[in-house]
Amino acid sequence: MPKGKFVEELLKAYRDNDYELFKEIAEKIIEDEKDKNHHRLANSLQEIIDSFSDNQEYQQNNSSSINDSYFNKMPRDDQDGADLVSIIKPKYYLEDVVLSNENKRVINRIMAEYYGANQLRGYNLNAKRRILFCGPPGCGKTMTAQSLANEINLPLLYIHMDSLISSYLGDTASNLRKIFQYAEQGRWVIFFDEFDTIGKSRDDENEHGELKRAVNTFLQMLDNFKTETLLIAATNHQHLLDNAIWRRFDEIVYFDKPDIEQIQKLLKKKLRTFKSEIDFKKASEELVGMSHAQIERICKDAIKYSILYDIEIVNGEVLKECIEEENRRKKIYTGVDKE
């Protein structure tokens, strides 16, 4: 098929929201490029197609959110055209996350209410839909949001805060409206990471009027947002949030640094891909005060160290070396924070 014909057929598929035909034509284009020995281009195109969805079952189960959203006009910032959202197929499940017993109960309750929404509605009750995750950085907020989306078989609609915030008068509020209007078209788990960026207290004299207007717009949009979607906002700086923000959330989950029991679970989970010979209780005591992300980095560094230096197992000495490296890094960035 001539190249121009490929483009014509591709555009028709886009116009008709025909995902299957769109993918079929795209794969023909890839084969055509391979025949021309344009392998780099062909591989790049294949990666894009593969990123649409990891499997056909996921596409079918989420057709109202996933397939349509590849063709619906994605919301963009008017000034630079940057995407305001991304659609993510979550790769984690709750079993991949080490949570406190309290947070497990809260997350399971949120899931139970999501699945039982119709039953609750029969008694004129609403399921919890607006959730605030807060706590120190690196303690599992983002991973839990992805896991929750995966458990209830919904895509994650990730909000790009860097694109959302605009220096132009009124554009931040306008971008928020675009995001909520787009979100109304499907079922997702909407995820606002670094939420304090747009949820800061309006009493803060250091904040300019644009961000204060953004808070007002967010509150209005959230009050009027009545879809079956879950909305999760995450922040490391909950003390900065506007008082009115707290009242809008149906549930609040605090993610703290792991205790010794959680640290042991993290070590065993993150080192399971490689042979290890470690006193987990002793090692856990040395890691108290570190975040989930720091402990995960130590485990990955220990495995890489063992591979690179031909050590057959991750032992206590290797782990100790990696803990010292993490402490070295910590001294650097905590020192920077104090400057």
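**View 1. Helix H14 (residues 260–270) packs on helix H16 (residues 292–308) at an angle of about 35°.** Their axes lie 10 Å apart. Gln-262, Ile-263, Leu-266, Leu-267 and Lys-270 of H14 make the contact with His-292, Ile-295, Glu-296, Cys-299 and Ile-303 of H16. The crossing of H14 and H16 is right-handed. This is a predicted model, in which local features need pLDDT of at least 70, side-chain atom pairs count only at pLDDT 80 or more, and totals for chains, interfaces and linings use all residues. Residues are numbered from 1 along each chain as its sequence is written, and side-chain values use heavy atoms, with hydrogens and water left out.

Terms for this view: helices (H or I, at least four residues) and strands (E, at least two) are DSSP runs, numbered from the N terminus. Axes are lines fitted to C-alpha atoms, for helices over the stretch in contact, and angles run from 0 to 180 degrees between N-to-C directions. A right-handed crossing has the near helix turned clockwise from the far one by less than a right angle; anticlockwise is left-handed. Contact means heavy atoms within 4.5 Å.

View 2. Lys-269 sits in helix H14. Not counting residues up to four places away in sequence, Lys-269 touches Glu-95, Asp-96 and Val-98.

**View 3. Helices H6 (residues 101–115) and H8 (residues 141–151) pack at an angle of about 35°.** Their axes are 11 Å apart. This crossing is right-handed. From H6, Ile-107, Ile-110, Met-111 and Tyr-115 meet Thr-144, Leu-148 and Glu-151 of H8.

**View 4. Strand S3 (residues 156–159) pairs with S1 (residues 85–88) and with S4 (residues 189–192).** Pairing takes at least two DSSP bridges between the strands. S1 and S3 are antiparallel, over four bridges. S3 and S4 are parallel, over three bridges. Leu-156 of S3 is the bridge partner of Ile-88. In S4, the partner of Leu-156 is Val-189.

**View 5. Asn-153 and Glu-194 have positive phi.** Most residues other than glycine have a negative phi. Asn-153 has phi near 60° and lies in the loop between H8 and S3. Glu-194 has phi near 50°, in the loop between S4 and helix H11 (196–199). Asn-153 counts as partly exposed because its relative accessibility is 28% (the class runs between 20% and 50%). Glu-194 is partly exposed too, at 49%.

Methods
Buried means under 20% relative accessible area, exposed over 50%, partly exposed in between (1.4 Å probe, protein chains only).
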